[in-house]
Amino acid sequence: MILALPVLPGVSASGMGLRLSQKFVFLLFLSGLVTLCFGALFFLPDSVRLKRIFLSKTEVQPSTVGSGSENDVKEHLKRPVKEQEHSRAMVSAKADRLKSVNRKPAVTQAVEATEERLVGGKAQEELTVSRSESASVRSVDTFTYNKFKSCLIKNPLGSDSGKAADPKTNERREKVKEMMKFSWDNYKRYAWGKNELRPLTKNGHIGNMFGKGASIIDSLDTLYIMGLMDEYNDAKEWVQTSLDLNSNGEASLFEVNIRYVGGLLSAYYLTGEELFKNKVLELGEKLLPAFNTPTGIPRGVINLGSGTSWSWGWASAGSSILAEFGTLHLEFVHLTELSNSPIYTEKVMNIRKLLNKIEKPHGLYPNFLSPVSGNWVQHHVSIGGLGDSFYEYLIKSYLMSDKKDEDAKKMYYGALEAIEANLVQKSPGGLTYMAEWRGGILDHKMGHLACFSGGMIGIGADDGAPEKRQHYLDLAAEITHTCHESYTPTKLGPEAFRFDGGAEATATRLSDRYYILRPEVIESYMYMWRLTHDPKYREWGWEAVEALEQHCKVESGFSGIRDVYTTMVSHDNMQQSFFLSETLKYLYLLFSDDDLLSLEDWVFNTEAHPLPIIRKNCLQDQGSPQDNTASE
């Protein structure tokens with residue numbers, strides 16, 4: 001019996017067979033497309049982030065330097081420093097050719113375009129490392145405190161805690177220690193946990209540099225080197241129990257770096273307390289989102305809680321400030337040392353690459369730079385505010401590298417040559433000063449902040465051209481002398497002083513007459529004493545001590561004054577954090593023996609926090625420098 005199958009109208013058996021073959025072809029095409037897309041995740045050069053979905057967390061991941069998401073940063077931090085350095089060495093032949101661009105002019109448009117992307121932090125070559133090479137790099141030891149300490153030439157605290165042999169000098173040193181204890185005790189009594197003390201109203205001040213506790217972090221190393229151990233332990237306990245690194249609010253990248261990162265780093269290097277190391281590494285990671293700009297030049301303000309960053313509202317055209325983005329190098333290099341992650345050094349080296357690439361008017365570095373375009377915003381040059389510590393960090397980066405950072409050396413002496421040619425002036429009365437430069441027109445004004453430059457030029461005198469050594473020492477002495485001359489009649493100096501209209505190192509505007517306990521002049525006294533041992537520097541320092549006692553000391557601390565030209569002083573009701581960190585520390589060192597925080601072992605960041613010279617050969621060989629007495 002034959003069954004008759006029903007046939008739908010318009011559809012034959014042969015027609016149904018054709019549709020099945022079409023479906024098969026379609027499915028075959030679809031599966032090929034899926035396979036192609038899946039493969040693209042692994043083989044296209046811009047698929048790094050998508051790869052993370054599929055790859056194990058333990059595999060080496062290439063990472064963008066200079067910009068990227070917070071997750072990119074965290075992934076990068078997990079990678080050991082040596083592994084990343086080695087992986088860069090394994091880039092393809094094309095990348096090897098690009099590596100030479102830093103030292104030679106670009107020869108093709110393609111090379112120039114690639115270098116621009118690297119400088120801006122928007123692209124990086126895919127890196128490949130063999131398993132055996134990765135394994136060997138991972139076995140390299142990370143930073144250990146005892147190894148570091150063995151590489152110091154001298155004991156950080158000196159042979160006798162830096163006590164001077166001369167009884168008179170030692171008495172003066174003890175007086176400075178007494179001033180520190182008085183300042184600290186009143187801060188603790190009336191403003192504990194706040195950023196700074198208001199000594200007249202006996203309360204605390206927060207400000208916008210960070211959440212809280214600036215005076216505590218800034219004082220850690222000062223208390224320690226002065227032997228004020230009860231006070232130091234109180235400060236350490238506060239760091240352990242109360243330092244909040246997730247503050248949701250406006251914070252200055254610059255101030256957080258020099259005060260908090262610098263203060264915690266120096267506290268760790270002086271004491272070996274792991275607490276400080278852990279805190280500073282946690283804080284360092286929170287600063288990285290500020291670099292997420294088209295150029296890798298960080299913005300000036302950051303919310304440490306959310307990671308968002310922006311430029312100062314007062315900064316010209318949303319620009320970043322030379323003295324802010326140029327004053328990160330010392331601390332960030334040490335963050336790399338302690339974390340074993342290169343991302344910190346890469347961030348600051350990216351800044352240096354961009355500065356080397358762009359044109360500089362007359363060899364000078366203007367104060368405002370766009371973090372978007374990487375171009376100067378206006379041609380205002382100053383060795384004082386807005387520019388100052390950029391130059392300081394160039395020579396100190398060279399010294400801190402154990403004189404290995406030739407790029408920093410070249411940049412520093414090149415900048416100094418331009419400064420001498422364009423800014424250094426001689427007044428009718430014979431005073432040498434640093435003028436400001438505004439688009440080719442000199443403004444014959446020098447700020448108190450610029451008075452650090454005497455010490456800066458002094459410590460760099462030995463490493464320039466040999467025939468210029470004495471010239472640099474003389475220039476350093478002349479500038480320091482000029483700044484001393486501005487300290488009259490109260491023996492305290494104004495915020496800015498002029499050399500025109502018959503003025504000689506005198507503040508001619510009422511708005512420039514204030515003194516807020518600044519350290520820069522005393523800083524240069526300390527350096528010039530150590531370099532020359534000319535007794536006048538200690539005498540000038542003692543003049544400042546007496547003036548601080550007479551005019552700035554109040555019942556409950558020290559306060560700045562509004563007019564240095566009258567002995568009937570009006571106080572500003574602020575005991576600045578840097579008074580504890582810098583002014584009193586530099587005075588104490590001025591009246592101490594040179595082996596207390598010896599310049600053979602330490603450089604001071606711009607907040608006077610001592611950071612050790614990095615002796616790579618010693619650290620890698622686990623040896624110690626010749627004539628090492630640090631462990632004695």
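Predicted model: local features only at pLDDT ≥ 70, side-chain atom pairs only at ≥ 80, totals over all residues.
The chain comprises 632 residues, of which 55% count as buried. Its secondary structure consists of 24 helices and 19 strands. Among the contacts in the chain with a separation of 6 or more, 69% are between residues 24 or more positions apart.

The largest nonpolar core contains 155 residues. Within this core, the residues with the most contacts are Leu 355, Tyr 391, Met 446, Ile 457 and Leu 548. Helix α12 supplies the largest share of the core, with 12 residues. Another core, of 5 residues, lies apart from it and includes Val 301, Trp 312, Ala 315 and Ile 321. For Tyr 391, when neighbours within four places in sequence are left aside, the residues in contact are Leu 322, Tyr 365, Val 381, Ser 382, Ile 383, Tyr 412, Ala 415, Ile 419 and Met 456.

Helix α12 spans residues 253-271 and packs with helix α10, residues 214-225. The axes of the two helices are 9 Å apart and form an angle of about 30°. Because angles under 35 degrees count as roughly parallel, α10 and α12 are described as roughly parallel to each other. Their crossing is left-handed. On the α10 side, the contact is made by Ala 214, Ile 217, Asp 218, Leu 220, Asp 221, Tyr 224 and Ile 225. The α12 side contributes Arg 259, Tyr 260, Gly 263, Leu 264, Ser 266, Ala 267, Leu 270 and Thr 271. By class, the contact of α10 with α12 is made up of 9 nonpolar, 3 polar and 3 charged residues.

How values were computed. Residues numbered from 1 in each chain as written. Heavy atoms only, no water. Axes fitted to C-alpha atoms, helices over the stretch in contact; angles between N-to-C directions. Helix = DSSP H or I, 4+ residues; strand = E, 2+ residues; numbered from the N terminus. Parallel < 35°, antiparallel > 145°, perpendicular 65-115°, else oblique. Left-handed = near helix turned anticlockwise from the far one by under 90°. Contact = heavy atoms within 4.5 Å. Nonpolar A, V, L, I, M, F, W, Y, C, P; charged D, E, K, R; others polar. Core = buried A, V, L, I, M, F, W, Y, C linked by side-chain atoms within 4.5 Å. Buried < 20%, exposed > 50% of the residue type's maximum accessible area, 1.4 Å probe, protein only.
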